[in-house]
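Here is my notebook on a first look through this structure.

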Amino acid sequence: MMATAAAEEAATTSSSCGRDDTRKQLMPRVTPLLVNVAALLLLLLLRTLLLACIIVARRAAALTRLVCRVAVVAPARSLLAAAGFAFAAVNAPCLWCLDRRARGRSCTGTLLGDLVVAAMASSWRLLVQGLTSLVFLCAHADEYVRPPPSPLVLTAHGKPASHPQQVHISIVGEKNMRISWVTDDRTRPSVVEYGTSPGKYTASATGDHTTYSYFLYKSGAIHHATIGPLEPSTTYYYQCGKAGDEFTLRTPPARLPVEFVVIGDLGQTGWTASTLSHIAGGGDYDMLLLPGDLSYADTQQPLWDTFGRLVQPLASARPWMVTEGNHEIETLPVVEFAPFVAYNARWRMPHEESGSASNLYYSFDAAGGAAHVVMLGSYADFGEGSPQRAWLERDLAGVDRRRTPWLLALLHAPWYNTNQAHQGEGERMRRAMESLLYEARVDVVFSGHVHAYERFTRIYDNEADSRGPMYITIGDGGNREGLALKFIKGHKSAHLSEFREASFGHGRLRIVNETTAVWTWHRNDDQFATVRDEVWLHSLAAGEPAAAAGGRPVDEL
């Protein structure tokens, strides 16, 4: 019996050992499988949790957007819309009163009522201008602080609604002239009759007209008609719309010499009137160039009308070729309008004739092609691949300097400037376009924006270079903001600045022949336009200047 028990115990021990051996053999195989299964289950769990978190986050974000839209955006839009409506409701009658006052007409029918209404309307205009200035001040907190503004000069129109006003002319091609004018009567025909003798019209031209609205302001009919072909250096007499006064213009010459008057940042103040008076009394000229900032209406649309009437005596007699400045943009927060609405409607330039798709930049020839003038847009896209840059490349490539010895360019924001005002505002455009003007050997670049006068030597890429353009800032026409009085003595470009002065005035460029021109700057000194700066220029097309010892060309004008 004991033997049997021992045998059973031995068998049990042997069986147990066999199972242990089998388990030991299976464990290396089973353990990785279990680990893989556990890892897979963990990944599935994490993925499920991640998807759940994403779904919750998306729904939370959607709910947040909904709450924001309902609680913030919608009320804000409603508030802005209400503010815009209230602004327009107040603005419209004030503009109407200002317009009536500018025309010398009564608003209420009584003297006392007119005085009260005029005071209220003027206060509103000053408030809006102040708010607009505050917006720009917040956007440019480091902007130069100017002296107190000058009072406006508002030129009234006391003639019938059918009579033309704000007459100005611009050249279109080699032998044509565009006549532009406004009538309060929007039914008047867009017809110009003209001839070479007073009152005897041997030809006529029919154009078109447009209107625009700004808040509740509605412009008169803005007419444009192109007359020609015209003979060069010839006086023509013309009448617009078969009503009103007869005007006189003289066409530019077909060959050199030719004289340009250059003014910038004009406005309509007593300073402006002084500048215009000095231009009229300073000797004959052929054409006026204006590199931006015309009326300083700054959303107050009747000021476009008063500006047009102020400049009419000069602008109806000689071509005015203009480009836009920042004060022509006229956009505001709260109530948005497309930029340059008034400028494009009133001051139509020959952009289509020069292959440009925009009224903000164009070019034209003068003196039978002896001078080519490029008007650039500081406030139109100018970067690589932009329409303006592509147009400029084509335009400059088409200039034959053997036929066109003089090449000029105008833009608003200066590329070189040592004045404290508007520092660096033209730098992006300079980097984008300066090489194009340099390679084309542009002779002079005129700009405005800074309300002072400054003349630089010939420059390229911040260094004196006799193959580069001479840069002239002429933003001293008479604007309401006053002069920019402070120049920076230690400015990096100070050694390139040859003359600078913060005074109002105008400039004249007389191109004498294919190689020589003279530039003069005339300061407004009371009743006299004093010549304060004068320099003679040599055309860059006449030949390459000799190189200096250091490798850079010597500095010659």
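This is a predicted model: local features need pLDDT of at least 70, side-chain atom pairs count only at pLDDT 80 or more; totals for chains, interfaces and linings use all residues.

**Entry 1: T183.** I began with T183 and found this residue buried, at a relative accessible area of 1%. For this label I used under 20% relative accessible area as buried, over 50% as exposed and anything in between as partly exposed, with a 1.4 Å probe and protein chains only. Numbering starts from 1 along each chain as its sequence is written, and side-chain values use heavy atoms, with hydrogens and water left out.

I placed T183 in strand β2, residues 176-183. Helices (H or I, at least four residues) and strands (E, at least two) are DSSP runs, numbered from the N terminus.

Which side chain makes a polar contact of 2.9 Å with the side chain of T183? I found that H223 does. I also noted a polar atom of the T183 side chain 2.8 Å from the backbone oxygen of D185. A polar contact is a pair of N or O atoms within 3.5 Å; within protein, one must be able to donate a hydrogen and the other to accept it, and residues adjacent in sequence count only if both atoms are side-chain atoms.

Setting aside residues up to four places away in sequence, I listed what T183 touches, including A161, H163, P164, R188 and H223. Contact here means heavy atoms within 4.5 Å.

**Entry 2: C240.** I looked up C240 next, in strand β9 (residues 235-240). Is C240 buried or exposed? C240 is buried, with a relative accessible area of 1%. Beyond four places in sequence, its contacts are P164, V167, I179, W181, V191 and V192. I also checked C240 against H224: they are 16 residues apart along the chain, and their C-alpha atoms are separated by 9.9 Å.

**Entry 3: empty spaces.** Rolling a probe the size of a water molecule over the atoms shows where empty space is left. On a 1 Å grid over the protein atoms alone, a cavity is a set of points where a 1.4 Å probe fits but cannot get out; a pocket is an open set with protein on both sides within 12 Å along at least five of seven lines, and lining residues have an atom within 4 Å of a point. Grid points are joined across faces, edges and corners, and a volume is the space filled by probe spheres set on the points.

Among the residues lining the largest cavity are Q166, H168, W181, W304 and R346. The elements giving two or more residues to this lining are β1 (165-172), β2 and α4 (302-315).

I then turned to the second largest pocket, with a volume of about 480 Å³. Its lining has 26 residues, and I171, G173, E174, K175 and D365 are the closest to its centre. β14 gives the most to this lining, with four residues.

**Entry 4: the whole chain.** I read off seven helices and 24 strands. Of the 557 residues, 50% count as buried. The average pLDDT (the predictor's confidence in each residue, from 0 to 100) is 85, and 77% of the residues score at least 70.
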